[in-house]
Amino acid sequence: MPVVPLKQVVDRAFAERYGVAAINVVNDLTMEAVLAAAVAEHAPVIIQTSVKTVRSIGLDLLFAMWREMTAGIEVPVSLHLDHCPDREVLSACLRKGWNSVLFDGSTLPVAENQRQTIEVVSEARSYGANVEGEIEAITGVEDDIGSDEEAKRESLPVALEFIRATGIDVFAPAIGNAHGVYHTEPHLDAQRVSDIVAAQPIPIALHGGTGMTDAQFTDLIARGCAKVNISTALKVTFMKSSLDYLRQAEERDSWDPPSLFGATRAAVTQMAADHMRRFGSAGKAW
Ligand code: 13P
């Protein structure tokens, strides 16, 4: 199964009510580990890159890694640009071959966000790519984008008009979710997902997945959250497993980088596979 457009993986998940893990990777090791989890779990997966990751690795190298690692892969995989307010980066990724982008116009007035999202959808279509849209910022700063202050939620008619007018493929509403670590269990407005989906059947992106409970995932996925974003869990797993391994290396006074990479890769693969099982996408590759 080759690399596929985002729409192909999320539409099926939306119809069958499971969630596709959309995991932000930070380098070659984490990209490889998440893809390995998808193959092992026979699950579709969305690999996400933040603008920060695109800038730190470089567009050409990042895409070359993706192409090399997905050549001949047996499960449906899709490459997505996460929260991007910068139209130049967004255009460069689409030109290069990213399968989808999230145009983050959430700091703009809705009318201007809508106008620009229409342009992005038309640009993406010319590459056979898809677009996720949002009208409210998701709380929390992730990879230098966003704010810790909760944004005002727009009314249902405003959200529905944005979806209809722009023709986006996936919608990311704010429902009390946040990027980063939750210090108390989040209170999520699950009804908002149901209200949007009932009026406008569109796959919903659930942001801020790290730290949500199984019950929250199950409920939200049943309501139409077909794309479930995970970033912080990967960062924490990557850093903590590296730290554990380095502490042991120090104790043994044994310094072998490939063994460190192996331990970290195994931990990240495990974390990604766990989420695929929790979201019901394991075994759903076709
Ligand atoms: P977390 O960092 O909370 O997992 O959120 C990820 C996300 O929504 C990326 O856009």
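Colleague: Which residues of β1 lie on each side, and are they buried or exposed?

Modeller: This is a predicted model. In it, Val-20, Ala-22 and Asn-24 lie on one side of β1 and Ala-21 and Ile-23 on the other, and all are buried. Both faces of the strand are therefore covered.

Colleague: Why do the residues fall into two sets?

Modeller: In a regular strand, side chains alternate between the two faces of the sheet.

Colleague: Which strands pair with β1?

Modeller: β1 pairs with β8 in the parallel sense, over four bridges, and Ala-21 stands opposite Val-228 of β8. β1 also pairs in the parallel sense with β2, residues 45-49, over three bridges. There, Ala-22 stands opposite Ile-46.

Colleague: Now the ligand. How many residues surround the ligand?

Modeller: There are 15, and the closest are Asp-82, Glu-142, Gly-208, Thr-210 and Thr-232. By class, the shell has two nonpolar, 11 polar and two charged residues. β3 (77-84) and β8 (225-230) each supply at least two residues of this shell.

Colleague: Which atoms lie 2.5 Å from an oxygen atom of the ligand?

Modeller: One is a polar side-chain atom of Thr-210, and another is a polar side-chain atom of Thr-232. A backbone N or O atom of Gly-180 lies 3.2 Å from a ligand oxygen atom.

Colleague: How much of the ligand's accessible area does the protein cover?

Modeller: The protein covers 100% of the 310 Å² that the ligand has on its own.

Methods. Residues are numbered from 1 along each chain as its sequence is written. This is a predicted model: local features need pLDDT of at least 70, side-chain atom pairs count only at pLDDT 80 or more; totals for chains, interfaces and linings use all residues. Side-chain values use heavy atoms; hydrogens and water are left out. A residue is near a molecule or strand if one of its heavy atoms lies within 4 Å of it. A polar contact is a pair of N or O atoms within 3.5 Å; within protein, one must be able to donate a hydrogen and the other to accept it, and residues adjacent in sequence count only if both atoms are side-chain atoms. Accessible areas come from the Shrake-Rupley method with a 1.4 Å probe; for residues, only the protein chains shown count as cover. Ala, Val, Leu, Ile, Met, Phe, Trp, Tyr, Cys and Pro count as nonpolar, Asp, Glu, Lys and Arg as charged, and the others, Gly among them, as polar. Buried means under 20% relative accessible area, exposed over 50%, partly exposed in between (1.4 Å probe, protein chains only). Two strands pair if DSSP finds at least two bridges between them.
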